[in-house]
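Me: I have a structure here and some terms used to describe it. I would like each term checked against its definition.

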Amino acid sequence: DDQIERERASQRLAGGCCALAAVYLMGKFYVANAGDSRAIIIRNGEIIPMSREFTPETERQRLQFLAFLRPELLGKEFTHLEFPRRIQPKELGKKMLYRDQSMNGWAYKKIEEDDLKFPLIYGEGKKARVMATIGVTRGLGDHDLKVFSSNIHIKPFLSCFPEVRVYDLTQYEHCPDDVLVLGTDGLWDVTNDKEVAGVVMEVLTSYEPNDPCRYTMVAQELVVRSRGVLKERGWRLANDKLGSGDDISVFVIPLGGPGNYT
């Protein structure tokens with residue numbers, strides 16, 4: 001992240017990206033995630049999450065706490081408090097549900113002038129945004145990202161530090177059908193863990209256990225199914241829902257070799 005900041009002027013590159021990395025070292029997998037890509041292990045049909053998405057919703061309290069400590073980052077245009085919906089001027093003096101950086105649940109407060117500011121986090125699910133601008137809260141780059149038509153920098157709220165999870169391969173005997181799946185949000189936006197596991201099992205069983213191309217074919221099938229088929233109304237999945245409109249990158253990594261197969 002520091003290197004991207006140093007080089008952004010000389011290379012004339014703006015923007016940023018999420019990062020998901022898997023490192024195998026001395027019998028263990030270390031999976032580090034910063035952003036909304038995800039990784040799962042499928043072992044004997046069981047799904048083991050190896051990461052979680054970092055979004056304005058999942059990191060609400062961290063973002064609110066930073067804004068609470070450093071209100072100058074909000075540029076006098078945003079409030080760190082969260083409300084179920086946008087507050088209207090006519091609601092001044094009335095009571096409304098809210099929550100701050102220390103709350104999991106909701107409580108009532110009397111609406112004041114300051115509460116009319118735009119909320120730091122707005123929207124739900126994939127539509128949630130920090131300062132109405134960005135939908136991921138960890139990643140690399142975005143040093144010059146500002147709120148539209150303002151001089152408010154968003155980078156202070158974005159973390160480049162990943163969450164790391166460790167999986168000890170020596171604790172289990174793995175067969176060739178046990179895999180680690182790494183995928184960008186283009187995959188997970190339209191395909192859940194169970195569906196991914198289903199595709200993995202379906203494709204792997206159609207190949208011999210010692211056929212190395214079987215894992216490439218699983219990754220390819222996951223990409224194809226997530227993109228869908230181009231129809232008159234755009235890219236559509238098998239259930240006729242919209243296919244992924246984002247980039248889709250998938251790695252399928254075997255955890256066990258043919259010699260482990262039973």
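Me: Which residue stands opposite arginine 43?

Reply: Arginine 43 faces glutamate 46 in β5. The model is a predicted one.

Me: Why is β5 called an edge strand?

Reply: The open sheet holds four strands in the order β5-β4-β14-β17, with antiparallel pairing. β5 (46–49) and β17 are its edge strands, as each pairs on one side only. Averaged over neighbouring strands, the turn is 20°, with direction ignored.

Me: Where does β2 stand in its sheet, and which order do the strands have?

Reply: The order is β2-β3-β13, an open sheet of three strands with antiparallel pairing. β2 and β13 (163–168) are the edge strands, each pairing on one side only. Neighbouring strands here are turned by 15° on average, direction ignored.

Me: How do you know that β2 and β3 pair?

Reply: Seven antiparallel bridges join β2 to strand β3 (residues 28–34). The threshold is at least two, so β2 and β3 count as paired. Alanine 22 has valine 31 of β3 as its bridge partner, and tyrosine 24 stands opposite phenylalanine 29 in β3. β2 and β3 also form a hairpin with two residues between them, and methionine 26 in the turn has a positive phi of about 50°.

Me: What makes a residue part of the lining of the largest pocket, and how many residues line that pocket?

Reply: A lining residue has an atom within 4 Å of a grid point of the pocket. The largest pocket has 24 such residues; Cys18, Asp36, Ser37, Thr184 and Asp185 lie nearest its centre. Elements giving two or more residues to this lining are β2 (19–25), β14 (179–183) and β17 (250–254). β17 gives the most, with three residues. The space in the pocket is about 450 Å³.

Me: Into which classes do the residues of the lining divide?

Reply: There are 10 nonpolar, seven polar and seven charged residues in the lining of the largest pocket. Asp counts as charged, so Asp36 and Asp185, both among the lining residues, belong to the charged class. Cys counts as nonpolar, so Cys18 goes with the nonpolar class.

Me: Which domains give residues to this lining?

Reply: Domain 1 (1–52 + 162–254) and domain 2 (59–141) each contribute at least three residues to the lining of the largest pocket.

Me: Where does UniProt place the feature "domain: PPM-type phosphatase"?

Reply: The unreviewed UniProt entry places this feature at residues 1–255. Over residues 1–255 the chain is 20% helix and 26% strand, with the end C-alpha atoms 31 Å apart.

How values were computed:
Residues are numbered from 1 along each chain as its sequence is written. This is a predicted model: local features need pLDDT of at least 70, side-chain atom pairs count only at pLDDT 80 or more; totals for chains, interfaces and linings use all residues. Side-chain values use heavy atoms; hydrogens and water are left out. On a 1 Å grid over the protein atoms alone, a cavity is a set of points where a 1.4 Å probe fits but cannot get out, and a pocket is an open set with protein on both sides within 12 Å along at least five of seven lines; lining residues have an atom within 4 Å of a point. Grid points are joined across faces, edges and corners, and a volume is the space filled by probe spheres set on the points. Domain bounds come from an automatic or database domain assignment. Axes are lines fitted to C-alpha atoms, for helices over the stretch in contact, and angles run from 0 to 180 degrees between N-to-C directions. UniProt positions are given in the numbering used here, feature names are shortened, and annotations may be inferred rather than shown by experiment.
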